[in-house]
Amino acid sequence: MSDADLDFLRQLSERQQQRPEPPGGASRAGRGGRGRRRKKSRKGRRLAPFIALAFLLVVVCGGGYVGLTTINGMLNPPDYKGEGSGSVTVWIHEGDSVALMANRLKDAGVVKSVDAFIKLATKDTRATSIQPGYYHLRRQMSVKSALDLLLSDASRAGRLTIPEGKRVVQILPLLASKTHIPLKDFQKAAKHPEKLGLPSYAKGRLEGYLYPFTYDPDPKATATQVLRSMVDQFKKVAANVDLEAKARDLGMSPGEVVTIASLVQAESGRAEDMPKVARVIDNRIHSPQPWMRKLQFDSTVMYALGKYNTVATLAETKTQSPYNTYVVSGLPPGPIDNPGEVALKAALEPEKGDWLYFVAPDPKNKITKFTSSYSEFQKLKQELARNTGHG
């Protein structure tokens, strides 16, 4: 076969392949298969919009349901009814936000939802005044009942405030009454100061280092743990006022400063008098005259005798004790009470002055007068005697 014949046959084959398919198709089998496919394709195209619409409705309706449920949960968060039952203790930490408090309450089973408590708290501004500490609450409480109880002193678990100037023997019964820990446990713990974390300059003495403060002890705490927390608070305040460094600058030990602060606390009627009382102490113990170094503070006599009077009798001033500053010169061997921050600052920064004496001629009104004159001092003592009946 010639090349021309081959070219003719090739062209003929290509034309047959490119020829449009007849409307009826080339065979029954071909017509039937392609026809069914076309019918199915056209039917699918007609159903496609309805399927898409149905799918869209499912998505929209499902999303709407979820959205509405979410919105409803935000507007009407789940809440228990009533005042609850049982008992549970919740610890509100220092610096807790309302949201954190809500989570603690939810985790403890007090409220049903965090959002319910937050919603109420945003309307009731009292919620921001909730103090840190331990609270006795109930389970499954309405958020209103929970908030009311958190704002009530009745729910506080053992909160106690130790005033400035109290002695250890006064503080221990206060702790026992508030914590419901037996007094004997506190007395036993106080006899083991090595377990209380005292600073070295305390020399094993607890007096002066039970810092006056408001405490919220853990209801499960032991007597030792409660006392240790008070010593820890002292150390925190001591660091804040830079006690050790400033004591060095004054040429004293930190323990001597705490002792002076305890005298200042005991002898001052008002906070504004404290720096002046501290100056009198400093002027006296550093006086070039040996007889002036006897402070002659009635408070030290009362401490030596275990009494609480403000004025000592002549016989009492002769009590033989290292704490009696009528008998011994300089400072007593340790603090006579537990001073607060103002007294500590006064001991570190006495007010400038040449005072050598002070008298509270009107103890009832806490009036204290200062002088550097011995004759004026005697007149003030006479005024005190007239007002109190003590010479």
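Tutor: A pocket here is an open set of points on a 1 Å grid over the protein atoms alone, where a 1.4 Å probe fits, with protein on both sides within 12 Å along at least five of seven lines; lining residues have an atom within 4 Å of a point. Keep in mind that this is a predicted model: local features need pLDDT of at least 70, side-chain atom pairs count only at pLDDT 80 or more, and totals for chains, interfaces and linings use all residues. Residues are numbered from 1 along each chain as its sequence is written, and side-chain values use heavy atoms, with hydrogens and water left out.

Student: How much space lies in the second largest pocket?
Tutor: About 510 Å³. A volume here is the space filled by probe spheres set on the grid points, which are joined across faces, edges and corners.

Student: Which element gives the largest share of that lining?
Tutor: Helix 8, with 6 residues. Strand 1 (85-92), strand 2 (133-139), strand 4 (214-215) and helix 8 (223-240) each supply at least two residues. Helices (H or I, at least four residues) and strands (E, at least two) are DSSP runs, numbered from the N terminus.

Student: And what classes of residue line it?
Tutor: There are 9 nonpolar, 7 polar and 6 charged residues. Ala, Val, Leu, Ile, Met, Phe, Trp, Tyr, Cys and Pro count as nonpolar, Asp, Glu, Lys and Arg as charged, and the others, Gly among them, as polar.

Student: OK, now the largest pocket. How much space lies in there?
Tutor: About 1,300 Å³. It has 47 lining residues, and the closest to its centre are E267, D298, S299, T310 and V311. Helix 14 gives the most to that lining, with 5 residues. By class, the lining of the largest pocket has 22 nonpolar, 15 polar and 10 charged residues.

Student: Let's zoom out. How many helices and strands are there?
Tutor: The chain has 14 helices and 6 strands. Of its 391 residues, 38% count as buried, and buried means under 20% relative accessible area, with a 1.4 Å probe and protein chains only.

Student: What's in the largest nonpolar core?
Tutor: It has 58 residues, and L175, F186, L227, F234, L243, V264 and I281 touch the most other members. Helix 8 turns up again, giving the largest share of this core, 8 residues. A nonpolar core is a set of buried Ala, Val, Leu, Ile, Met, Phe, Trp, Tyr and Cys residues joined through side-chain atoms within 4.5 Å. Another core, of 22 residues, lies apart from it, with I92, V114, A146 and L149 among its members.

Student: What does F186 touch?
Tutor: Not counting residues up to four places away in sequence, F186 touches L172, L175, A176, T179, I181, A223, V226 and L227. Contact means heavy atoms within 4.5 Å.

Student: Why is helix 5 largely enclosed?
Tutor: Because 6 of its 8 residues (143-150) are buried. Those are V143, S145, A146, L147, L149 and L150, and they pack against helix 3 (98-107), helix 4 (114-123) and strand 2.

Student: What about R279, buried or exposed?
Tutor: R279 is buried, at a relative accessible area of 15%. R279 lies in helix 11 and, leaving aside neighbours within four places in sequence, is in contact with P350, E351, K352, G353 and W355.

Student: Last one: how far apart are F370 and D273?
Tutor: They are 97 residues apart in sequence and 9.4 Å apart in space, C-alpha to C-alpha. F370 is in strand 6 and counts as buried at 17% relative accessibility. Past the neighbours within four places in sequence, the contacts of F370 are D273, K276, V277, V280, W355, Y357 and F358.

Methods
Buried < 20%, exposed > 50% of the residue type's maximum accessible area, 1.4 Å probe, protein only.
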